[in-house]
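I set out to look up a few contacts, the fold of one chain and the way the copies are related. The entries follow in the order in which I made them.

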Protein chains: 2
Amino acid sequence: MKAQEEKTTNPAEKELFVKMVVDAWKTQNSRVDKLLAELSDEQLESEAAPGKNSGVYLLGHLAAVNDGLLEILGFGEKLAPQLENIFIKNPEKSDFEKPSITKLKQFWQEINAKIGEHLEKTTADEWFARHTAVSDEDFAKEPHRNKLNVLLSRTVHQSYHLGQMALLAKK
Amino acid sequence: MKAQEEKTTNPAEKELFVKMVVDAWKTQNSRVDKLLAELSDEQLESEAAPGKNSGVYLLGHLAAVNDGLLEILGFGEKLAPQLENIFIKNPEKSDFEKPSITKLKQFWQEINAKIGEHLEKTTADEWFARHTAVSDEDFAKEPHRNKLNVLLSRTVHQSYHLGQMALLAKK
């Protein structure tokens, strides 16, 4: 295990960083899947707490944010760009017509499947490159604004709303 | 910016990765602080959702988990070991007497201050060393079970319950 004994970094360690964050992403994403499999449509339509967002809005919000990941990470175009207006730019009680739960779950799965494909083929060097929302100039000054850091912050964000959705489940 | 152009890793990148995770931790921790400053004692005593954990229990739970971090990361002994039984090993509706909100907030601040001191002085190499709950043998096979990965998973966990506590705030 020479790699572990060295004092400086090496490519194996760089891949280790990537694995740590990608695994954290996958864990949170799977936990949302598992919760969705448990919740009835009626539970999803309920508010996480009185007067707060419903499970449907939270699901739409997470799907929209994941869809945005495709773009910001340079993985491709959004699969369901209409979700952003409904579930990110506007609050639940707005005039936008929401997709059905069935349709939302389908978006959720398709978006995550596409992200999953890219997680498998993105190299460690690519993860440490700048994401598409930061300029070359800013990236030179702030090298932590890389793709892996976007995945890290979205992992934390996913967990935040998972905690809320989990309140919809029976004890 | 030679460091960014190299194809293999280097110490600067290792430090960059540590910064990414430590910053994510600090951000979530500060967000809990900010929320605590906003919530009244009455709000903290309320359930996050009907029949679910109260804000007080969630605060105690996060304080207890952070206290455990001191130990698992080798930063020192727990400051308030009594919290584990009350807020981790047992559910809210158990017979344990809970500390007052004032006392819990004090634990929360003291524990985080101690973690903060160690965050400043822990080197990148130390972050990639094994944490105290994994054996040398297991670590050789699973090098991602390092201290930084513990901080990463606790960051995600902190966000999960922050999402729940945020439901106690007024709209």
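I began with the side chain of Glu13(B), which makes a polar contact with the side chain of Lys14(A) at 3.2 Å; a polar contact here is a pair of N or O atoms within 3.5 Å, where within protein one must be able to donate a hydrogen and the other to accept it, and residues adjacent in sequence count only if both atoms are side-chain atoms. Glu13(B) lies in helix 2 (residues 11-38) of chain B, helices being DSSP runs of H or I with at least four residues and strands runs of E with at least two, numbered from the N terminus. I also looked up its burial: Glu13(B) is buried, with a relative accessible area of 3%, where buried means under 20%, exposed over 50% and partly exposed in between, with a 1.4 Å probe and protein chains only.

I note for the record that this is a predicted model, in which local features need pLDDT of at least 70 and side-chain atom pairs count only at pLDDT 80 or more, while totals for chains, interfaces and linings use all residues. Residues are numbered from 1 along each chain as its sequence is written, chains are lettered from A and ligands numbered from 1 in the order in which they are written, and side-chain values use heavy atoms, with hydrogens and water left out.

Next I turned to Glu42(B), which lies in helix 3 (residues 41-45) of chain B and counts as exposed at 64% relative accessibility. Its C-alpha atom is separated by 9.4 Å from that of Gly55(B), 13 residues apart along the chain.

For chain A I found 9 helices and 0 strands, and of its 171 residues 51% count as buried. The C-alpha trace of chain A spans about 55 × 35 × 25 Å along its principal axes.

How do helix 4 (residues 55-72) and helix 9 (residues 147-165) of chain A pack? Their axes are 10 Å apart, at an angle of about 170°, the axes being lines fitted to C-alpha atoms over the stretch in contact and the angles running from 0 to 180 degrees between N-to-C directions. The two helices of chain A are therefore roughly antiparallel, a term for angles over 145 degrees.

Last, I checked the copies: chain A can be laid on chain B with an RMSD of 0.1 Å by a turn of 180° and a shift of 0.0 Å along the axis, superposed by least squares on the C-alpha atoms of residues with pLDDT of at least 70 in both. That is the relation of a two-fold axis.

Key: Parallel < 35°, antiparallel > 145°, perpendicular 65-115°, else oblique.
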